[in-house]
Amino acid sequence: MDRYTTHEHDVLVIGAGGAGLRAAIEASAADVNVGLVCKSLLGKAHTVMAEGGVAAALANVDDRDNWRVHFSDTMRGGQYLNNWRMAELHAREAPDRVRELEAWGAVMDRTKDGKILQRNFGGHKYPRLAHVGDRTGLEMIRTLQDHGIHRGITVHMEATVFRLLKDGDRVVGAFGYDREHGRFLLYRAKAVVLATGGIGRAYSVTSNSWEYTGDGHGLAYDAGADLVDMEFVQFHPTGMVWPPSVRGILVTEGVRGEGGILKNKDGRRFMFDDIPDLYKDQTADTPEEGWRYVTGDKDARRPPELLTRDHVARCIVREVKAGRGSPHGGVFLDIAWIREKIRDSEAHIRKKLPSMYHQFKELAGVDITTQPMEVGPTTHYVMGGIRVDGDTQMSTVPGLFAAGECAAGLHGANRLGGNSLSDLLVFGKRAGEHAAAWAKDHDAGTVGEDQATDAMRACLAPLERDGNGENPHALQRHLQTMMQDHVGIVRNERDMTHAVEQLADFRARAAVVAAPGSRQYNGGWHTCLDLPNLLTVSEAVARSALDRTESRGAHFREDHPAKDPSLAGHNTVVRRASDGTMEVSRLPIPALREDLKAIIAEMG
Amino acid sequence: MPKATFRIWRGERGDGAWVDFETEVSEGMVVLDAVHDIQAEQAADLAVRWNCKAGKCGSCSAEINGMPRLMCMTRLDTLPLDEPVTIEPMKAFPHVRDLVTDVSWNYEVKKRIKPFKPRPPDAADGTWRMAQEDVERVQEFRKCIECFLCQDVCHVLRDHHKHDSFIGPRFLVHTAGLEMHPLDTEDRLADLKEKQGIGYCNITKCCTKVCPEHITITDNAIIPLKERVVDEFYDPIAKLFRIFRPKKTE
């Protein structure tokens, strides 16, 4: 059998986006030995793609804002399926986490009096998103990276974790391989933090990069942890739709925050046609009022383009299905129109949305300062994930923690824009802190040799088939198309039942997948090893979505188009049953604490 | 659909050869799309590093028709397709396999640069005040996506292999971002002169030309740093002051 190299850490953090970096920094501050594993190079994780900003009630632009409003907005956006303790901690702690970034060197845009500037975003009552133009994620990851490299953290770049290792019920390490040489790695750790991000690569149209194959979800599930809320996948309303090769790439909500409007092919501003009851009182009656809102009039209400992402995405799908879409199957997003309102609008747009300007100019040949963009929904984010304790971020498996997108709870049925970057910071810190505390209280545990041997055998199998088997790239593409078609934005029982059946076939095909070539930087082999996680998350999404026979937040069932009040009180949980099959159950949501209930009542 | 030929450098640890692949091209395609199609259909083990495919992460750096560029931001309709499009790995770093190079040197260099050290907070609540016009200069440098194309094109690294004594344009930009940060109090000038080889740069501006983020590397970052180093160590009047200034240790 092959050999492996062993690394020993007190805390092992898997994933080096915002949550993983923040967790590693916090754990190292507690004076424990920290290892940080990243699937790609340091600083390249998907956090880098976040554009609009980080939500925190700093009240720098509107002094009416405070954590209570932010809490209430987050719960409303999540249709009250959120883990309310997480929503509370998030709203309370986000301002300190953002200010801390500044102490570590971040350079955010400023208000006139020199404070951190904040912008409007969908579902946030007041301007709340601290930002740097439209490249906030880059600023955040670089700040954390540059701070983290001086903290004594051991970084394992371009390494992929294939399996978690257990001692009895407890997680005590991980097994993986380095991408460059294909050498095996065994990490022993007293505590493991998963911060692996999302599952976007289960779909064909996505804003996510190749890394987002649901690794943390799959690893945790295989280790016996609960996944929760997996039916809630966010389709961001505005991805690029043309040219074909860039379909799915994100177009920031910041475009709408700066005054961008959505129009169909007839030029109609269709978002005014359907405003949900929950938001009627908060939404502008006229385009004029909407414009006043985005330009800072505190008496104005938000334009309907800034309704929550789930709703905007469905309105776009409706327009396209009704034959009122743009030439390439989307709708028009127009920021150029603001030239009617402000002088020198072209320079203003380039200043506020520099990377959008650049992206459309170079990839689509469109000048957004003079022409509308064509946009449509793209798979962007999964609200569901590993079920964790709100305070400590520990999963249902001892010693296993999770933070960021791979953890669930904060966002409920739908995430508000800007609440992801703040989620990474708030709960990354908490996960790091509590993982370090756990590591101090526990010994290293023991890892049976058979666990390593078994993992190595599974990793090598696709290479040993010597090219005689399924092509992993083709299999992944088929899976993505199937998920997009059957478990996408608009769902029904027939399609999803079909999807679950198909997934069984996909599993059989994935078991005989083959990668030609050597173990050195072999993309085909890596794809083979990503497939089991993709299949787990695909099945979890499909089964959870079948179980929720209503439409709520990001989950829309055309066979059950209304909200069902009888389904408002639980989260959907999946876990691996003792016979290896996926088991779905319903977990009642604990009663909301009285003081938090009062906040929600007060905010209306 | 029309076809085009892609001549890709394949091999391991510096040994290799050009291999031609023919694949279909469609409207709006970028070089990385063609590489992915080749990987999916003709060469599953083709090694290529990429992430965001939107010009934001700086992973897919390569040399396309001899020019250092991001594969994800190079549209095929900007290249002549009646002849093969050549794609090869960056030259300033050790070769790993096919289009992938070992860029870990860059990460080691960054660790040696003194980190951000802010002045005490301006307000009682622990926050600072900065004017937008004062942060804009630094924000330009902080746009850097660490694609290392500037390092690749720099002749000090590429041709003269001064990796031990020169940190390269990327890290001069990084240092400029720290030195010109309105809150920073650290002094990095001696390191720039003694350890980081700022004198090696002779301002050919190749780095500025290849930067996909359009950072004015030479004019806005390197030249001002050179001026600061000169003012600190070579200004004759300042030198005179230093000679007559009583030394603390005596």
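Let's start with the surface: chain B exposes about 11,200 Å², and carbon and sulfur atoms supply 52% of that area. Such areas come from the Shrake-Rupley method with a 1.4 Å probe, and for residues only the protein chains shown count as cover. Keep in mind that this is a predicted model, where local features need pLDDT of at least 70 and side-chain atom pairs count only at pLDDT 80 or more, while totals for chains, interfaces and linings use all residues. Residues are numbered from 1 along each chain as its sequence is written, and side-chain values use heavy atoms, leaving out hydrogens and water.

Now look at chain B as a whole. Its C-alpha trace spans about 75 × 45 × 25 Å along the principal axes. Of its 250 residues, 56% count as buried, meaning under 20% relative accessible area (1.4 Å probe, protein chains only). What about contacts, which need heavy atoms within 4.5 Å? Take those in chain B between residues at least 6 apart in sequence: 60% join residues at least 24 apart.

Next, zoom in on one residue of chain A. Thr308(A) counts as buried because its relative accessibility is 7%. Which residues does Thr308(A) touch, not counting those up to four places away in sequence? They are Gly77(A), Tyr279(A), Asn414(A) and Leu416(A). The side chain of Thr308(A) also makes a polar contact with the side chain of Asp310(A), at 2.6 Å. A polar contact is a pair of N or O atoms within 3.5 Å; within protein, one must be able to donate a hydrogen and the other to accept it, and residues adjacent in sequence count only if both atoms are side-chain atoms.

Methods:
Chains are lettered from A and ligands numbered from 1 in the order in which they are written. Buried means under 20% relative accessible area, exposed over 50%, partly exposed in between (1.4 Å probe, protein chains only). Contact means heavy atoms within 4.5 Å.
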